[in-house]
Amino acid sequence: VFNAIAEPRRRALLDALAASSPRDVSDLAAELRWPQPDVSKHLAVLRQVGLVSMTKEGKRRLYQLEPQELKRVHDWVKSFEHYW
C-alpha cells in the first residue's frame, strides 16, 4: 500500500475515485487528462494492493475505492502526529 500511494498519479486516481465512485477507465482518463493505458496501468497497481476494486457491468469495468486499506497508512502516520 505504501509503495502504491507513493506515486503522485496513483494518489490523483484515488482522489478521483473518492470524489465519485464507481467510475470506468474512460471517465477517469477524461477527467485526469491522461492516456487510457496510463490510467489502466495505475488502476492495476491499486487493485493489487486492495485500494481499488473492479466490477463488470456489461462491457464496462467499474472501479471503486476500497478505503479500508488506507487505515494501515493512517494508523502508522498517526504515530508521528505528536511531532506536528
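1. The axes of H2 and helix H4 (residues 36-48) cross at roughly 85° and come within 10 Å of each other. H2 is therefore roughly perpendicular to H4, since angles of 65 to 115 degrees fall in that class. The model is a predicted one, and the points below should be read with that in mind.

2. On the H2 side of this contact are Arg9, Arg10, Leu13, Leu14 and Leu17, and they meet Asp38, Val39, His42, Leu43, Val45 and Leu46 in H4. Sorted by class, the contact of H2 with H4 has 7 nonpolar residues, 1 polar residue and 3 charged residues.

3. H2 also packs against H3. Helix H2 covers residues 8-19 and helix H3 residues 25-32; their axes lie 11 Å apart, at an angle of about 110°. H2 is therefore roughly perpendicular to H3. The crossing of this pair, H2 and H3, is right-handed.

4. Which residues of H2 meet H3? They are Ala12, Leu13, Ala16 and Leu17, and their partners in H3 are Leu28, Glu31 and Leu32. The contact of H2 with H3 comprises 6 nonpolar residues, 1 charged residue and no polar residue.

5. The protein has 5 helices and 3 strands, arranged along the sequence as α-α-β-α-α-β-β-α. Its C-alpha trace spans about 45 × 25 × 20 Å along the principal axes. Of the 84 residues, 31% are buried. Among contacts between residues at least 6 apart in sequence, 50% join residues at least 24 apart.

6. Is arginine 23 buried or exposed? Its relative accessibility is 7%, so arginine 23 counts as buried, the cut-off being under 20%. Arginine 23 sits in strand S1 (residues 23-24). Its side chain reaches the backbone oxygen of alanine 16 at 3.1 Å.

7. With neighbours within four places in sequence left aside, the contacts of arginine 23 are Ala16, Leu17, Leu28, Glu31, Arg61, Leu62 and Tyr63.

8. Arginine 60 belongs to strand S3 (residues 60-65). At 40% relative accessibility, arginine 60 counts as partly exposed. Not counting residues up to four places away in sequence, arginine 60 touches Asp24 and Thr55. With aspartate 24 there is a side-chain to side-chain polar contact of 3.2 Å.

9. Between serine 21 and proline 22 the peptide bond is cis, with omega near 0°. Proline 22 is in the loop between H2 and S1. Serine 21 lies 14 Å from arginine 60, C-alpha to C-alpha, with 39 residues separating them in sequence.

10. Phi of arginine 33 is near 60°, which is a positive value in a residue other than glycine. Arginine 33 is exposed, because its relative accessible area is 76% and the threshold is over 50%.

Notes: Residues are numbered from 1 along each chain as its sequence is written. This is a predicted model: local features need pLDDT of at least 70, side-chain atom pairs count only at pLDDT 80 or more; totals for chains, interfaces and linings use all residues. Side-chain values use heavy atoms; hydrogens and water are left out. Axes are lines fitted to C-alpha atoms, for helices over the stretch in contact, and angles run from 0 to 180 degrees between N-to-C directions. Helices (H or I, at least four residues) and strands (E, at least two) are DSSP runs, numbered from the N terminus. Angles under 35 degrees count as roughly parallel, over 145 as roughly antiparallel, 65 to 115 as roughly perpendicular and the rest as oblique. A crossing is left-handed if the near helix is turned anticlockwise from the far one by less than a right angle, and right-handed if clockwise. Contact means heavy atoms within 4.5 Å. Ala, Val, Leu, Ile, Met, Phe, Trp, Tyr, Cys and Pro count as nonpolar, Asp, Glu, Lys and Arg as charged, and the others, Gly among them, as polar. Buried means under 20% relative accessible area, exposed over 50%, partly exposed in between (1.4 Å probe, protein chains only). A polar contact is a pair of N or O atoms within 3.5 Å; within protein, one must be able to donate a hydrogen and the other to accept it, and residues adjacent in sequence count only if both atoms are side-chain atoms.
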